[in-house]
Amino acid sequence: VKTKNKSNGDSNAEIVHIIKPKEKLDATNTLDRKDWVATGENFNPKSYPTSRLLDNVYRTIWVSNSALVPKELRLDMGRVQTVKGFSFLPIALPASHFTADLIETEVFSSNDNLAWTKICTYNGLPTSKRASTSSSDIDKLIRQDIKTIGFKEPVNARYFKFVVTKSSNNYRTGMAELYGLK
């Protein structure tokens, strides 16, 4: 992860650039998600709800509605926690038409879900072609590009907000799983 100060305005916010996506998530470095609740816009609440971001099933996904970006996803961690960043699994379903990577996302934190502090802007890369395989082999799905948003300094907060300002198709976005980093 490479960061630089944002020069146009908020001097506390960082721009985060991902240098190389990981191929394996270090589960020993992730926060417990049992009390987490994710909320956001859904393309189809029955088929693609935000709760699927936290179900540990890589084949289930959250997909935003089809209105234009920006899209907002909120995370309630149940209590204040120290977070060093987030990792997420992009959508990588066989022959999926939901190829909508998060390309640019602003990340905010809050302790009351009302007053928000901008932490950083994530500038991501599209998911590699090998992640969108025609195979139904779960091991291949798990080895997809894991995207990581690393914070310059750890953040103590209960709530996080992700505002997707650009996706790979500019009208819908989504992901399979979301993890907090400790």
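Author: Buried means under 20% relative accessible area, exposed over 50%, and partly exposed in between (1.4 Å probe, protein chains only). This is a predicted model: local features need pLDDT of at least 70, side-chain atom pairs count only at pLDDT 80 or more, and totals for chains, interfaces and linings use all residues. Residues are numbered from 1 along each chain as its sequence is written, and side-chain values use heavy atoms, without hydrogens and water.

Reader: Why does Lys118 count as buried?

Author: Lys118 belongs to strand 7. Strands (E, at least two residues) are DSSP runs, numbered from the N terminus. Lys118 counts as buried because its relative accessibility is 15%.

Reader: Which residue does the side chain of Lys118 meet in a salt bridge?

Author: A salt bridge is a side-chain nitrogen of Lys or Arg within 4 Å of a carboxyl oxygen of Asp or Glu. For Lys118, the N to O distance is 3.3 Å. The pair links distant parts of the chain, 12 residues apart, with Lys118 in strand 7 and its partner in strand 6. That partner is Glu106.

Reader: How many of the residues of strand 6 are buried?

Author: Strand 6 covers residues 102-110. The strand is mostly covered. The buried count is 7 of 9.

Reader: How many bridges join strand 6 to strand 8, and how many join strand 6 to strand 7?

Author: Two strands pair if DSSP finds at least two bridges between them. Strand 8 spans residues 147-167 and runs antiparallel to strand 6. Strand 7 spans residues 117-123 and also runs antiparallel to strand 6. The bridges number 8 with strand 8, and with strand 7 they number 6.

Reader: Which residue takes a positive phi in the hairpin of strand 6 and strand 7?

Author: This hairpin has 6 residues between its strands. The phi value is near 65 degrees. The residue is Asn113.

Reader: Is Trp36 buried or exposed?

Author: Trp36 sits in the loop between strand 2 (14-17) and strand 3 (37-40). Its relative accessible area is 6%, so Trp36 is buried.

Reader: What separates the C-alpha atoms of Trp36 and Leu75?

Author: Along the chain, Trp36 and Leu75 are 39 residues apart. Yet they touch, contact here being heavy atoms within 4.5 Å. Leaving aside residues up to four places away in sequence, Trp36 also touches others, including Leu31, Leu54, Phe86 and Tyr179. The C-alpha separation from Leu75 is 6.9 Å.

Reader: How many salt bridges does the structure hold?

Author: One of them joins Glu177 and Arg33, at 3.0 Å, N to O. That pair links distant parts of the chain, 144 residues apart: Glu177 in strand 10 (residues 177-181), Arg33 in the loop between strand 2 and strand 3. Both Glu177 and Arg33 are buried. The count for the structure is 5.

Reader: What is the N to O distance in the salt bridge of Glu72 and Arg74?

Author: Glu72 is partly exposed because its relative accessible area is 29%. Arg74 is partly exposed too, with a relative accessible area of 25%. The side chains of Glu72 and Arg74 meet at an N to O distance of 2.6 Å.

Note on methods. Helices (H or I, at least four residues) and strands (E, at least two) are DSSP runs, numbered from the N terminus.
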